[in-house]
Amino acid sequence: MVIGMCRSFRDRALDRCYHCFPCLSDPARRSSLVLKVTLVMLHLVYVGILFLFDSDLIDKTKKEPWYTALYLLLFLATLVQYFITSGSSPGYVLDAMRAVNETNVICKQSSMAKTASSKNGSLPVEGCQSGRNFQGTDSTSWTKLVMDMYPPGTSIRSCICPYCNVEQPPRAKHCYDCDKCVLHFDHHCVWLGTCIGQGNHCKFWWYICEESVLCLWTGILYITYLRANISRAWWNDAIAILLLIPLSIFIVFLLLLLFFHSYLILTNQTTYELVRRRRIPYLRGIPERVYPFSKGVCHNLYDFCCGGSNIYSLEPLPSAQELEEKSRPYTCLDVLTCRCC
């Protein structure tokens, strides 16, 4: 009887909670929210313990307030960048297809207005400029746009996602966690609760860069605190020691992740393409040391940093001639002419 009443009270409480906060009714969103709260709490615990126990840091703050202000500014910027990245779109294929359809409608309306104005003898209306790297004026432009990016003779069935039922452009992949196809799919980040793709890869890199610097700075502050109190018994600083051990592991992991994604950016690759290279049809026959989508280090950096305004930019597969040129070994002349750039 008592157990039944407790269960009934719990169910009613959960129903009220889900009614007030609809996002909690979805298990995926609920787990993502728990991870975000956990990450924020970890940051607050590490910084709070530091300012609570380190009296030298408090004295330094009074003498040099700019030092602590910079640290807290980095702390705040890292959390803001985390939420910006987690809330950003990776660039979904369905959204790109809708953008193409909207462009087609605008083009049709523009062409009809131009025809009507020419019949009435009025000034002609300017033609439709597709922008967004999309071209095409008919209802099948998305299919034609995608198929033009593959080699001639490619079957359309091999390009259709069986889950989204939409044509996938090159470098796109269906994410089973998000249940959507993502452009330039890199990976699904559990800590962010979203996919990393064409639309937010730059934001993700800046986040891990800021997080790495913040963890390094925090680790230095913890080590400085322990060195200043090294004469005391170790159990007096047991909390700082226990926090420093996982922090050191996080620093190593973040630095490796930062260097890894920097390498991917410089070579215009994704994590998925690097790990599953032999299983991806359009990369299967290409040597491992050849980067088919690389345009040179400088161009890759420019596209990565300055190409964020167009999250629906599609990239065709390189031709056989381009692959042959990229597979050619470097010579002294290539270095002098900056071929790698």
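Predicted model: local features only at pLDDT ≥ 70, side-chain atom pairs only at ≥ 80, totals over all residues.

Residues are numbered from 1 along each chain as its sequence is written, and side-chain values use heavy atoms, with hydrogens and water left out.

Let's start with the record. An unreviewed UniProt entry puts the feature "transmembrane region" at residues 33-53, 65-84, 204-226 and 238-260; such positions are given in the numbering used here, feature names are shortened, and annotations may be inferred rather than shown by experiment. In the model, residues 33-53 are 100% helix and 0% strand, with end C-alpha atoms 30 Å apart. Residues 238-260 are also 100% helix and 0% strand, and there the end C-alpha atoms lie 34 Å apart. Helices here are DSSP runs (H or I, at least four residues), as are strands (E, at least two), numbered from the N terminus.

Now look at helix H2, residues 27-53, where you'll find Val 37. Val 37 counts as partly exposed because its relative accessibility is 46% (buried is under 20% relative accessible area, exposed over 50%, partly exposed in between, with a 1.4 Å probe and protein chains only). Together with Leu 33, Met 41 and Leu 44, Val 37 forms a nonpolar surface patch with about 340 Å² of accessible area. Patches take residues with over 30% relative accessible area and no salt bridge, joining like charges within 9 Å and nonpolar side chains (Val, Leu, Ile, Met, Phe, Trp, Tyr) within 5 Å. The areas come from the Shrake-Rupley method with a 1.4 Å probe; for residues, only the protein chains shown count as cover.

On to the rings. Rings of Phe, Tyr and Trp (its six-membered ring) pair if their centres lie within 6.5 Å; planes under 30 degrees apart are stacked, over 60 edge-to-face, and the rest tilted. That gives 11 aromatic pairs. Tyr 46 and Tyr 222 have ring centres 6.0 Å apart and planes at 75 degrees, so they meet edge-to-face. This pair links distant parts of the chain, with Tyr 46 in helix H2 and Tyr 222 in helix H7, 176 residues apart. Tyr 46 is buried at 10% relative accessibility, and Tyr 222 is buried at 1%. Elsewhere, ring pairs join Trp 66, Tyr 67, Tyr 71 and Trp 217 into a cluster.

What about charges? A salt bridge is a side-chain nitrogen of Lys or Arg within 4 Å of a carboxyl oxygen of Asp or Glu, and the count comes to six. In one of them, Arg 98 and Asp 95 meet at 2.9 Å, N to O. They sit about one helical turn apart because they are three residues apart in helix H5 (residues 93-120). Lys 144 and Asp 148 form another bridge at 3.1 Å, N to O, and both of these residues are exposed.

Last stop: Gly 197, in the loop between strand S4 (194-196) and helix H7 (201-228). Is Gly 197 buried or exposed? With 1% relative accessibility, Gly 197 counts as buried. Beyond its neighbours within four places in sequence, Gly 197 is in contact (heavy atoms within 4.5 Å) with Pro 90, Val 182, Leu 183, His 184 and Asp 186.
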